[in-house]
Amino acid sequence: GILVSTSAVFPANADVSDGNALPEGAAQFGRVLRTKEDLALIAKRVSTSATDMDKKEWDGVSQFLRRVYALSEDMKSMSSGFSEADKKTRAA
């Protein structure tokens, strides 16, 4: 089965200038990329083996979908620098 991490990731107290943390934009981008990769794995698992999944695995999928929803703030922040024309092109 697919193991879905259900724990939230909280940044440690770090200062970008100390070199031990990513700038916020880079951290947001990393979260979006990781979630996109996880989404592809989970979609494949659900589409090919949904009947084999137990309650614990379905609960993990539910928690992952909440994480995807929460990621919308990162996506909004990242897209704030795009023009309206760019947003429409990227959404297509």
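These are my notebook entries on a predicted model of one protein chain.

**Entry 1: ground rules**

I number residues from 1 along each chain as its sequence is written. Because the model is predicted, local features need pLDDT of at least 70 and side-chain atom pairs count only at pLDDT 80 or more, while totals for chains, interfaces and linings use all residues; side-chain values use heavy atoms, with hydrogens and water left out.

**Entry 2: the whole chain**

I looked up the secondary structure and found 4 helices and 0 strands, in the order α-α-α-α along the sequence. Helices here are DSSP runs of H or I with at least four residues, strands are runs of E with at least two, and both are numbered from the N terminus.

Next I checked burial: 18% of the 92 residues count as buried. Buried means under 20% relative accessible area, exposed means over 50%, and partly exposed lies in between, with a 1.4 Å probe and protein chains only. The accessible surface of the chain is about 7,200 Å², and 58% of that belongs to carbon and sulfur atoms; the areas come from the Shrake-Rupley method with a 1.4 Å probe, and for residues only the protein chains shown count as cover.

I also looked at contacts (heavy atoms within 4.5 Å). Of those with a separation of 6 or more, 60% join residues 24 or more positions apart.

**Entry 3: helix α1**

I followed α1 from residue 24 to residue 49. Its 26 residues reach 37 Å from first C-alpha to last, close to the 38 Å expected at 1.5 Å a residue; the expected span is 1.5 Å times one less than the number of residues. Its buried residues include A27, Q28, G30, V32 and I42. I asked myself what covers the buried residues of α1. The cover includes α2 (55-70) and α3 (72-79).

**Entry 4: α1 against α2**

I found that the two axes come within 11 Å and cross at roughly 145 degrees. On the α1 side, the contact is made by T35, D38, L39, I42, R45 and V46, and on the α2 side by E57, W58, V61, F64, R67 and V68. The axes are lines fitted to C-alpha atoms, for helices over the stretch in contact, with angles from 0 to 180 degrees between N-to-C directions.

I then zoomed in on T35, which counts as buried because its relative accessibility is 6%. Leaving out residues up to four places away in sequence, T35 touches F64, R67, V68 and L71. A polar atom of the T35 side chain also lies 2.8 Å from the backbone oxygen of R31.

From there I moved to V68, which lies in α2. V68 is partly exposed, because its relative accessible area is 24%. V68 and T35 are 33 residues apart in sequence, yet their C-alpha atoms are 6.9 Å apart in space. With neighbours within four places set aside, V68 is in contact with T35 and M75.

The D74 side chain makes a polar contact with the R31 side chain at 2.7 Å. Such a contact is a pair of N or O atoms within 3.5 Å; within protein, one must be able to donate a hydrogen and the other to accept it, and residues adjacent in sequence count only if both atoms are side-chain atoms. Beyond four places in sequence, D74 touches Q28, R31 and V32.

My last stop was M78, also in α3. M78 counts as partly exposed because its relative accessibility is 28%. Not counting residues up to four places away, M78 touches Q28, F29 and V32. M78 and E24 are 54 residues apart in sequence and 9.9 Å apart in space, C-alpha to C-alpha.
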